[in-house]
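Subject: Structure handover, with notes on salt bridges, pockets and a helix

Hi there,

Here is the structure I promised to pass on. Please have a look at it first, and then read my notes below.

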Amino acid sequence: MRSWVEAIPLLREGGHLSLLDRVAALRQNQTVYPPQNQIFRALELTPFNRVKVVLLGQDPYHGADQAHGLAFSVPKGTKAPPSLRNIFKEIAADIYGDQPPEASPDLTRWARQGVLLLNTVLTVEEGRADSHQHLGWQVLTDQIVEKLNEQRRRLVFLLWGRHAQQKAAFIDRKRHLVLAAVHPSPLSAYRGFFGCRHFSRANQYLELCDKKPIRW
């Protein structure tokens, strides 16, 4: 987290502590995901200066034993949710010729390679998608995208769905590659997520920038 605290004003000034306090208070009367000690797991696994790809989700999964602080990811041994299954289908078609290796639904392996798996809102009430959108998490996640845009060069931003695409206003497309598509949810995946080829396009860009591609 140290590299993020140094880079992000809200973290440096302690503004995130009030957000954590509000979430802790909500936990007294409702079940909240992810666990308190995993809220910033995406930042812990992918330091600021090692980010190569930013993959933005909406908010955590709101079912039991799913959310663990990484957008679209669930712990090993947990059944992959529909959106993640669709992500794996697109990777299979795009990268592996429909013959993908066995893949865990835990995307920690991506995070350790420099993929920042960041939700725009970092907590959620059980069974209620988007229920914490008014807590103020967007102030923090806006700053994260803004500072990555300003202080890093040649990153890939994967913006899937309306919530993620709202962050495009903070991104200079002359400095970074922005790839936008509909959300991989079953409700929208067939309207432009399947066939987007974001994974191979991201790796092609990284290689052009003399960066190691991601093993998706």
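A salt bridge here is a side-chain nitrogen of Lys or Arg within 4 Å of a carboxyl oxygen of Asp or Glu. Under that rule the count is four salt bridges. Before the details, two words on the source. This is a predicted model, in which local features need pLDDT of at least 70 and side-chain atom pairs count only at pLDDT 80 or more, while totals for chains, interfaces and linings use all residues. Residues are numbered from 1 along each chain as its sequence is written, and side-chain values use heavy atoms, with hydrogens and water left out.

**Salt bridges**

Arg 197 sits in the loop between β6 (177–181) and α9 (198–208) and Asp 94 in helix α5 (residues 82–95), so the pair ties together parts that are 103 residues apart in sequence. (Helices are DSSP runs of H or I with at least four residues, strands are runs of E with at least two, and both are numbered from the N terminus.) Asp 94 is buried at a relative accessible area of 10%, whereas Arg 197 is partly exposed at 44%. For these words, buried means under 20% relative accessible area, exposed over 50%, and partly exposed in between, with a 1.4 Å probe and protein chains only.

Glu 125 pairs with Arg 128, their closest N and O atoms being 2.7 Å apart. Glu 125 is buried, with 17% relative accessibility, and Arg 128 is partly exposed, with 46%.

Glu 150 and Lys 147 also meet in a salt bridge, at 3.2 Å from N to O. Both lie in helix α7 (residues 137–151), three residues apart, which is about one turn of the helix. Lys 147 counts as buried at 18%, and Glu 150 as partly exposed at 41%.

**Pockets**

On a 1 Å grid over the protein atoms alone, a pocket is an open set of points where a 1.4 Å probe fits, with protein on both sides within 12 Å along at least five of seven lines, and lining residues have an atom within 4 Å of a point. A volume is the space filled by probe spheres set on the points, which are joined across faces, edges and corners.

The largest pocket has a volume of about 620 Å³. It is lined by 37 residues, and the closest to its centre are Gln 58, Asp 59, Tyr 61, Ser 83 and His 183. Elements giving two or more residues to this lining are α4 (41–45), α5 and β3 (115–119), and β3 has the largest share, with three residues. By class, the lining has 20 nonpolar, 14 polar and three charged residues. (Ala, Val, Leu, Ile, Met, Phe, Trp, Tyr, Cys and Pro count as nonpolar, Asp, Glu, Lys and Arg as charged, and the others, Gly among them, as polar.)

The second largest pocket holds about 310 Å³ of space. Of its 13 lining residues, Pro 101, Glu 102, Ala 103, Arg 109 and Trp 216 are the closest to its centre. Here α5 and α6 (108–111) are the elements that give two or more residues. The lining consists of eight nonpolar, two polar and three charged residues.

**Helix α3**

In helix α3 (residues 15–26), the buried residues are His 16, Leu 19, Leu 20 and Val 23. Seen down the axis of α3, they fall within an arc of 100°, so they line one face of the helix; the arc is that of the directions from the helix axis to the C-beta atoms.

Best wishes
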